[in-house]
Amino acid sequence: MDKPFAITLNPGSSLANHTGSWRTSRPVYLDRLPPCNSQCPAGEDIQGWLFHAESGGYEAAWRHLTRDNPFPAIMGRVCYHSCEAACNRGKIDEAVGINSVERFLGDEAVKQGWKLAPPERESGKKVLIVGAGPSGMSAAYHLRKLGHAVTVMDAGPYMGGMMRFGIPKYRLPREVLDAEMQRIVDLGVTVKLNSKVDNILDEMKQGGFDAAFLAVGAHIGKRAMIPSGDAARIVDAISVLRSMEGEDKPLLGRRVVVYGGGNTAIDVARTVKRMGAEPIIVYRRTRDKAPAHDFEIEEALQEGVMVKWLSTIKQAGDKEITIEKMALDDKGFPQPTGEFETLEADSVVLALGQDVDLGLLNGVPGLEVTDGVVKVAPNMMTGHAGIFAGGDMVPAERNVTVAVGHGKKAAKNIDAWLSGQTYAPPPKHEVAQFEKLNPWYYADAPKTVRPMLDIIRRQSTFEEVQGGLDETTALFEARRCLSCGNCFECDNCYGVCPDNAVIKLGPGKRFQFNYDYCKGCGMCVAECPCGAIKMEAEEI
Amino acid sequence: MSLQTVKFYQTGTFTVGNRLLAPEERSVQANMQRTNSLNSGHRACQGCGEALGARYAIDAAMIASKGQLIAANATGCLEVFSTPYPETSWQIPWIHSLFGNAAAVATGIAAAIKVKRQKGQGGDVRVVAQGGDGGTTDIGFGCLSGMFERNDDVLYICYDNGGYMNTGVQRSSATPSAARTATTMPLGPEPGNPFGQGKFVPAIAMAHEIPYVATATVADLRDLEYKVTKAMGIRGARYIQILVPCPLGWGAASQDTILLARLAKETGIFPVFEAEFGEVKSALPIRRPQPVEEYLKLQKRFAHLFGKNPAVATIARIQAQADKNIRRYGLQARKGDH
């Protein structure tokens, strides 16, 4: 062939030169576990559903969310969102408002009438669930999805358990609760209300159930020995909150003393405030030691609830009570000081914690009860084969989210047990710590604050205190997610590679390394915003 | 702001792409069909900033010229690592002649295209000249100045890595003060490159009052693409200087290339701005202000400034240079910029 002067070779491409042979370590794509997911008691894939919400795919987001938790509208109101405390964005500006987006999705689902997908097949097995609270209904959902015939029995007149009889309306409107409960019933779950189970073994035998999940909650208010006159009116907080759901509202008088420092104490104080009474909380320790969440204490104080910190009730009389001032000792325990004070009080509400009614377990062999709660193995099974338990009646933190998580975990284990297997949860990815991220890439975007109801209406009505986000603000909030540890297709690796050694596979398909040319510089790892690539030493 | 404003979509415009943006708003580099002007298999070091900067710039120029582009290349790393005879990584028409004449070769190509178009032959082919700082600020400076002065229709892109890296890291007139090179060893009373008068070619280009002068770094892709695209929309002599960190010459980790470019901009050491007809029109403001130490300490060429007896006075002089840039080009972080 004709070549120019002094040229003997045809031009070739550098593609013949496989520079991948220079490499001593290689980049590898991976999924790390976002901190929000890692600590969600209900095991939600938060980053996963936010990913769908970011592009406006709200139904896809809701479907992804409800794989793990069927109650987003409830969660978006009552969950204490420890995910937000763990959120890596908190180290940049403020945590992502996960809870508010969850509520938006839940409300959107109710508004649009999205239905849960029915089970793909019937297993032919029957499972009895005792208790239609968060744990029981969560288990019912997951078991039904797995194709089991589920019957839920509850002693109360409505579904919801503590979500109805413990959480006041101003935090969880009943329409929301009803809508999400009904969705479970619509899946073909049988719910029998006003049906107390007196003996679990008899009930299982009669109904021909293959397994049972117990989630009866803790509905018995703890009593404290308070010397009191005959005319003193002393009631427990749970009965007060429960009676709010019935026809007969509790008669507590004008001055109501609430004894305790937990969330129930706050709930009952805020409830009686709304009924026109003047609540005073009496708590033996200080505000920072109180088990109630600080934001709830703050909201109660805003509404005009009075609190006597470092005080115990010494004596209760007809129209007044005597309290004793306490002082914290070196170890932080309250000690009496001998100083007394008299408070005007028409009634005393005890909010000192709750016990479990374990009556239905009488005569069940193998069962172990410690400190008033039922012991369960890591698979949520009690000492009696085939009987599982969860929620407030087992040793754990008592809140709705934990209960929902128990329901899901128990369901998976019951499903495995019914087919003679053991459930092995898939191994967890390593947690995507903040140090794995490159925060430079995230534009500043302050958190969207949810609107709060006017203080006057909070003091006199049971309207919901905290408002929701609208579509634009929810979308903005979802897009604040850093997508920790999971590729969100920002194209950074594809862009920053000096060797074109990253192959873009197209929308939704992520990327792939071309190890023929990757020299192992590690730039893709350093510039990946979300920590979804790591370097691994080459094996030589 | 020289950048297009994209309201908050998870990452704004900081990342290369963004699945939430409309496709036409995404960067050239995010495109699955980008030219890859400088293809895989080139022999640049791991983490080479120049290879990256060249692909960023030429891919954008290819889009802006609708694929009708010829590049003239000066001698230097970019030529040596991309085109060892008979192989090449370039996927565009490309010519290499001598070290110092890239601007003159490009001028000649532009003149030939002009004549051909006058004769009705050929379409609107555009010309880019490119080289490293050695081929631009030292050896090719006369040809470059002539190209500016004649206002030839050429975009000249200088990939500035502050030295002759290809031949063993010798000093150039773009080597920063106090930096160690093979020819400015960290010895004697003033170790490293002496504090001279400096030679910032973008300012010299502005003094020629040419239609467009800009600086950019490999850390700000959107800004870089915007400037190349804008330059390609202008006729006459244009000059863009892109800061491209060199892991080998700077003694830095290969994964830190973009980080170093970012820190050069954030500390004010490398001002990122654009100018038209000799006047500064806009500057990329500093987003997260940092002291120069943050930039210097990642590089072994400045290692002699740190250690047991840090060269406080020298670091202060470098800080003063950065502060002067911040004042002169108005780089202060502003409220509301991201």
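A salt bridge is a side-chain nitrogen of Lys or Arg within 4 Å of a carboxyl oxygen of Asp or Glu. In this predicted model, Glu54(A) forms such a bridge with Arg19(B), and the closest N and O atoms of the pair are 2.8 Å apart. Across the interface of chain B and chain A, the rule finds 3 salt bridges.

Before going on, note that this is a predicted model in which local features need pLDDT of at least 70 and side-chain atom pairs count only at pLDDT 80 or more, while totals for chains, interfaces and linings use all residues. Residues are numbered from 1 along each chain as its sequence is written, chains are lettered from A and ligands numbered from 1 in the order in which they are written, and side-chain values use heavy atoms, with hydrogens and water left out.

Turning to the interface as a whole, the contact (heavy atoms within 4.5 Å) takes 48 residues from chain B and 52 residues from chain A. The buried area, that is, the accessible area (1.4 Å probe) that two parts lose on being put together, summed over both, is about 4400 Å² between chain B and chain A, and carbon and sulfur atoms give 51% of it. In chain B, the residues that lose the most area to chain A are Phe8(B), Gln10(B) and Arg19(B), together 17% of what that side buries.

The two chains are also joined through strands, where strands (E, at least two residues) are DSSP runs, as are helices (H or I, at least four residues), both numbered from the N terminus. Two strands pair if DSSP finds at least two bridges between them, and here 2 bridges join strand E1 (residues 12-13) of chain A to E2(B), the two running parallel. Within this pair, Ser13(A) has Thr88(B) as its bridge partner in E2(B).

Another pairing lies within chain B, where 4 bridges join strand E8 (residues 273-276) to strand E9 (residues 279-283), which run antiparallel. E8(B) and E9(B) form a hairpin with 2 residues between them, and Phe277(B) in the turn has a positive phi of about 50°. Glu276(B) has Glu279(B) as its bridge partner in E9(B).

Finally, in chain A, Val404(A) lies in helix H14 (residues 400-418). Val404(A) counts as buried (under 20% relative accessible area, with a 1.4 Å probe and protein chains only) because its relative accessibility is 0%. Leaving out residues up to four places away in sequence, Val404(A) touches Ala42(A), Asn69(A), Phe71(A), Met75(A), Pro134(A), Ser135(A) and Ser138(A).

Methods
Buried < 20%, exposed > 50% of the residue type's maximum accessible area, 1.4 Å probe, protein only.
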